[in-house]
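Work through the exercises below with the sequence and the model side by side. Each task is followed by a solution that goes step by step.

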Amino acid sequence: MHRRVALLSAAAIAVAGALVPAASAQASSTTSSTTGGTTSGFDRNPVGWAGADSASERRTVLSYWTSQRMLAAQPLDTPEIRRSGGSGPTQGTPWATRGASSTPTQGRSYAVRPVSAQRTAEVLQNSPGLRWTDGGAVTRTVGRVFFTTADGRNSACSGTAVTSANESVVMTAGHCVKLNGAAHRNWVFVPGFDNGRRPFGTWVATTLLTTQQWNANENINFDVAAAVVAPLQGRSLTDVVGGQGVAFNQPRGRQMFSLGYPAAAPFDGSRLIYCSGRAFDDTVQTRDLGLRCNMTGGSSGGPWFAGFNASTGQGWLNSVNSFKYDFAPNFMFGPFFGNEAMAVYRAAQNVGAQ
């Protein structure tokens, strides 16, 4: 039997410093507006718990994440992902919301410029993993996620700012908020991360959410999560960087663009990398989508976009980087965004919304 490999991130042993205590991932379930049946004995309401939910905790987290700690991160040994039985995500009525643009005022990671027609044609071809150099919304909305695991290691994933009612939602993978039965702490999002620079600031999570299936038994079919981040200098996340659209219950087999910050060799986590191609169904062990892609650890949680416009860098988030098979290192897999993933998003966008 082939072992599944989760794409855990860059990490290093934490040096001495004040840490926000880890919250239990078995906290009370956060309700959402999604209703309906059950999947493998679970309802669709996601599980949520507090991150740094006070001003003093947020200051502690911000002071903890120095540039040195971020840049010194090293990939963790890849853990064994538990094989889980049961059916895959529940597919319901297709639903999507368009992204919101923003004019940034806190700097830029790359020059935000239109892409030439010739370059656009090149970008739209299949890419196994190339640096994104063409500006657009992805250089503001996609970023690195940093956190401390329960065993005290500093790790990194990738994530995406998405349009939401509270203007504060980051979508990522489930194992980027909880792994091996324990929730991560010191969770922050750095949009537009560029070789150590943080042009749009560091955003601290106040609430973290994932699917019941990932929370209960780390079922790889439901490796989806969201974070709600606190305002920074009086402004909300998507007010500063904009937000990508989100889409659920969409057709399979579509052209996709995957982005992230891979940190394991031959990458180092310093640059935004992209893969593109037509998604296919995993026929080995999961109900996930597959894509030819050589991104490595650290890209977990990075977005898969459907309907991606290379000239603007905008699309609809329709999956996230989740895992690779040991025997197929040049292929990435991501969960199908069905009703359970939609419930996570809807619950997150209603946290603190007026």
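A salt bridge is a side-chain nitrogen of Lys or Arg within 4 Å of a carboxyl oxygen of Asp or Glu. This is a predicted model, in which local features need pLDDT of at least 70 and side-chain atom pairs count only at pLDDT 80 or more, while totals for chains, interfaces and linings use all residues. Residues are numbered from 1 along each chain as its sequence is written, and side-chain values use heavy atoms, with hydrogens and water left out.

**Exercise 1.** Find which residues are linked with Asp 194 in a network of salt bridges, and state whether Asp 194 is buried or exposed.

Solution. Begin with the pair of Asp 194 and Arg 197, whose closest N and O atoms are 3.0 Å apart in a salt bridge. Then turn to accessibility, where buried means under 20% relative accessible area, exposed over 50%, and partly exposed in between (1.4 Å probe, protein chains only). Asp 194 has a relative accessible area of 7%, so this residue is buried, whereas Arg 197, at 41%, counts as partly exposed.

**Exercise 2.** Describe the salt bridge between Asp 281 and Arg 252, and say which parts of the chain the pair ties together.

Solution. The closest N and O atoms of Asp 281 and Arg 252 are 2.9 Å apart. Asp 281 lies in strand E18 (residues 280-281) and Arg 252 in the loop between strand E15 (245-248) and E16, so the pair ties together parts that are 29 residues apart in sequence. Strands here are DSSP runs (E, at least two residues), numbered from the N terminus. Asp 281 is partly exposed at 37% relative accessibility, and Arg 252 is partly exposed at 26%.

**Exercise 3.** Classify the ring pairs Phe 257 with Tyr 274 and Tyr 325 with Phe 333.

Solution. Rings of Phe, Tyr and Trp (its six-membered ring) pair if their centres lie within 6.5 Å, and planes under 30 degrees apart count as stacked, over 60 as edge-to-face and the rest as tilted. By this rule the count comes to 19 aromatic pairs. For Phe 257 and Tyr 274, the centres are 6.1 Å apart and the planes are at 15°, so the pair is stacked. For Tyr 325 and Phe 333, the centres are 5.1 Å apart and the planes are at 75°, so the pair is edge-to-face. Both Tyr 325 and Phe 333 are buried.

Terms used:
Helices (H or I, at least four residues) and strands (E, at least two) are DSSP runs, numbered from the N terminus.
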